Amino acid sequence: METLLFMLPFMVTVGVAFVAMFLWAIRAGQYDDLEGEKHRIFFEPDASKAQGDPAVEAHACRRPPPGQKGTPP
């Protein structure tokens, strides 16, 4: 019985925390564009943007030319 008296308020607190995080995520726009993210991986970044940004260059999909083995430099 003592465990129940400890666990009940603890679980109510955890439940309220999860509901608060869910409401924060909704207000922050986390669920606004569910369709766009799954299609975004099919598009390569713009070449003009990739020229100066090393982070974009590092994530750009580059394959070696046919007949050449290994990864590009």
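Helices here are DSSP runs of type H or I with at least four residues, numbered from the N terminus. With that in hand, hello everyone, and let's walk through this chain.

What you see is a predicted model, where local features need pLDDT of at least 70 and side-chain atom pairs count only at pLDDT 80 or more, while totals for chains, interfaces and linings use all residues. Residues are numbered from 1 along each chain as its sequence is written, and side-chain values use heavy atoms, with hydrogens and water left out.

Confidence comes first. pLDDT is the predictor's confidence in each residue, from 0 to 100. The chain has a mean of 77, and 62% of its residues reach 70 or more. Where pLDDT is low, the predicted coordinates should not be read in detail.

Now helix 1, residues 2-27.

Which aromatic residues pair up? Two aromatic pairs turn up in the whole structure. Phe6 and Phe10 are stacked, with 6.2 Å centre to centre and 10 degrees between the planes. Rings of Phe, Tyr and Trp (its six-membered ring) pair if their centres lie within 6.5 Å; planes under 30 degrees apart count as stacked, over 60 as edge-to-face and the rest as tilted. Phe6 and Phe10 sit four residues apart in helix 1, about one turn. Phe6 is exposed at 55% relative accessibility, whereas Phe10 is partly exposed at 43%. For those words, buried is under 20% relative accessible area, exposed over 50%, and partly exposed in between (1.4 Å probe, protein chains only). The other rings are those of Phe22 and Tyr31: centres 6.0 Å apart and planes at 50 degrees, so that pair is tilted.

On to charges. The whole structure holds two salt bridges, each a side-chain nitrogen of Lys or Arg within 4 Å of a carboxyl oxygen of Asp or Glu. Glu35 bridges to Lys38, with the closest N and O atoms 3.2 Å apart. These two are three residues apart in helix 2 (residues 34-40), so about one helical turn separates them. Asp33 and Arg40 meet at 3.9 Å, N to O.
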